[in-house]
Amino acid sequence: MRAMVVERLGPPDVMELREVPRPEPGPGEVRLRVEAVGINFADVLAVAGEYLTRTRVPYTPGMEFAGVVDAVGEGVQGVEVGTRVASLGGRGGLAEYALSPAAALIPVPQGLSGAQAAAFPVSYFTAYHGLKTLGRGQPGEWVLVQAAAGALGTASIQLAKAMGMHVVAMASTEEKLGLARDLGADVTLLQDDPDRVKKVRAAAGGTGVPLILEVVGGARFQESLEMAANLGRVIVIGNASREEANLRPVELMKRNVTVTGLWLSSLMPDAELTRQAAQALTPLVASGQVTPQVGPTYGLAESARAFQDILDRKTTGKVIIEP
Ligand code: NDP
């Protein structure tokens, strides 16, 4: 079968298309015929060797994928060959067939295409935990969504609106802000607007925003603290700028701000939290209140270009690769 292989870490073009043996599922594993792979910023960082955890090589990237169950390993129960599932298997998606631990399978809400199924788990579960589990967002509250036209951004806007929240969306271009408005953002602002701190505070009635989903990091993190309301919550979800941020803990005292980290990988194993998120998300997807935003779609051989387009901030929605 064909697969993308990384032997040394670096920029996207270190990935090579190779012919490799089709993998056999071991105990507790299933094999999927991959229909679509959702590419996350984290995949780009993992290939670059800049992710939270060390990337071991050689490996096939692709942490989030959807497909049809093709074979099940020993001891796997309740997974039928022929069903469409999504996987947060951690690696291996950029191939015609991929293995996943059965425990990492996510049921696909009815009515989703393969591409939508691959665009769903990471972005929507992260948005849910950011807005609800850790952010404790309430109807009528304002939330700031950065990189608002991206995969996580579009999920966060839709989910926040479904929760009855008001959304200030920031992104780098007018076109991206248009998408944010189409999805329901109440106020949109260019990320480089020179008056952005003042404008974000003003949008929320002059007192700042109670909830911020912080994904850019670097100097922007400091700004998030300035945009926060008294008793505000800043949920640190990413560092797309790849810059260091300076946090002087005493700054938090000024407005009684809480800063909380969120990493989906260490939340998913919590069965109760994952059940709560799935229970909240499934009916929203089924009723069409939220729709995974499938962005540009590439073939397997174009994987490096897909990764580079994410780095170059050219994409909106979830970038999809169809092997
Ligand atoms: P996106 O589809 O949102 O793409 C990344 C976006 O980041 C770009 O489109 C760009 O939007 C924005 N960005 C801002 N500054 C920069 C910069 N200096 N260089 C490049 N891009 C920049 O990706 P994802 O939805 O996969 O991820 C969004 C963020 O959320 C990432 O930081 C990611 O690591 C994080 N994340 C974290 C998770 C967790 O468990 N903690 C889970 C999922 C995502 P714009 O041009 O509008 O600024």
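This is a predicted model: local features need pLDDT of at least 70, side-chain atom pairs count only at pLDDT 80 or more; totals for chains, interfaces and linings use all residues.

Reader: In what order do the six strands of the open sheet stand, and which strands are at its edges?
Author: The six strands pair in the parallel sense, in the order S10-S9-S8-S11-S12-S13. Each edge strand has a single partner strand, so one side of it is left without a neighbour in the sheet. The strands at the edges are S10 (187–190) and S13 (258–261).

Reader: What is the average twist from one strand to the next in that sheet?
Author: The sheet in question is the open one of six strands with parallel pairing. From one strand to the next, its twist averages 20°.

Reader: How many bridges join S8 to S9, and which residue stands opposite Trp-142?
Author: Strand S8 (residues 142–145) runs parallel to strand S9 (residues 166–171), and the number of bridges joining them is four. Within S9, the residue opposite Trp-142 is His-166.

Reader: Which strands of the sheet does H4 touch, and what angle does its direction make with that of S9?
Author: H4 packs on the sheet through S8, S9 and strand S11 (209–214). Between the direction of H4 and that of S9, the angle is about 165°.

Reader: What angle does the direction of H7 make with that of S12?
Author: Helix H7 (residues 219–227) also packs on this sheet, where it touches S8, S9, S11, strand S12 (228–236) and S13. Taken against the direction of S12, that of H7 makes an angle of about 150°.

Reader: Where do the buried residues of H5 lie around its axis, and which elements are included in what covers them?
Author: The buried residues of H5 (residues 174–182) are Lys-176, Leu-177, Leu-179 and Ala-180. Viewed down the helix axis, they fall within an arc of 155°, so they line one face of H5. Glu-175 and Asp-182 are exposed on the other side. The cover over the buried residues includes H4, S9 and S10.

Reader: Why do the buried residues of H10 line one face of the helix, and against which helices do they pack?
Author: In H10, the buried residues are Leu-273, Thr-274, Ala-277, Leu-281, Leu-284 and Val-285. They line one face because, seen down the axis, they fall within an arc of 100°. The face turned away from them carries the exposed residues Ala-271, Gln-279 and Ala-286. The packing partners of the buried residues are H3 (121–133), H4 (151–162) and H9 (264–267).

Reader: What distance does H10 reach from its first C-alpha to its last?
Author: H10 (residues 271–286) has 16 residues, and at 1.5 Å a residue the expected span is 22 Å. The model is close to that expectation, with a reach of 22 Å.

Reader: Is H1 roughly parallel or roughly perpendicular to H11?
Author: Helix H1 (residues 41–48) packs with helix H11 (residues 303–311), their axes being 10 Å apart. Phe-41, Asp-43, Val-44 and Val-47 in H1 meet Phe-307, Ile-310 and Leu-311 in H11. The angle between the helices is about 110°. That makes the arrangement of H1 relative to H11 roughly perpendicular.

Reader: Which residues does the cis peptide bond join, and what is its omega?
Author: Pro-58 lies in the loop between H1 and S4. The cis peptide bond joins Val-57 and Pro-58, with omega of about -5°.

How values were computed
Residues are numbered from 1 along each chain as its sequence is written. Side-chain values use heavy atoms; hydrogens and water are left out. Helices (H or I, at least four residues) and strands (E, at least two) are DSSP runs, numbered from the N terminus. The expected span of a helix is 1.5 Å times one less than its number of residues. Buried means under 20% relative accessible area, exposed over 50%, partly exposed in between (1.4 Å probe, protein chains only). The arc is that of the directions from the helix axis to the C-beta atoms. Contact means heavy atoms within 4.5 Å. Two strands pair if DSSP finds at least two bridges between them. Axes are lines fitted to C-alpha atoms, for helices over the stretch in contact, and angles run from 0 to 180 degrees between N-to-C directions. Angles under 35 degrees count as roughly parallel, over 145 as roughly antiparallel, 65 to 115 as roughly perpendicular and the rest as oblique.
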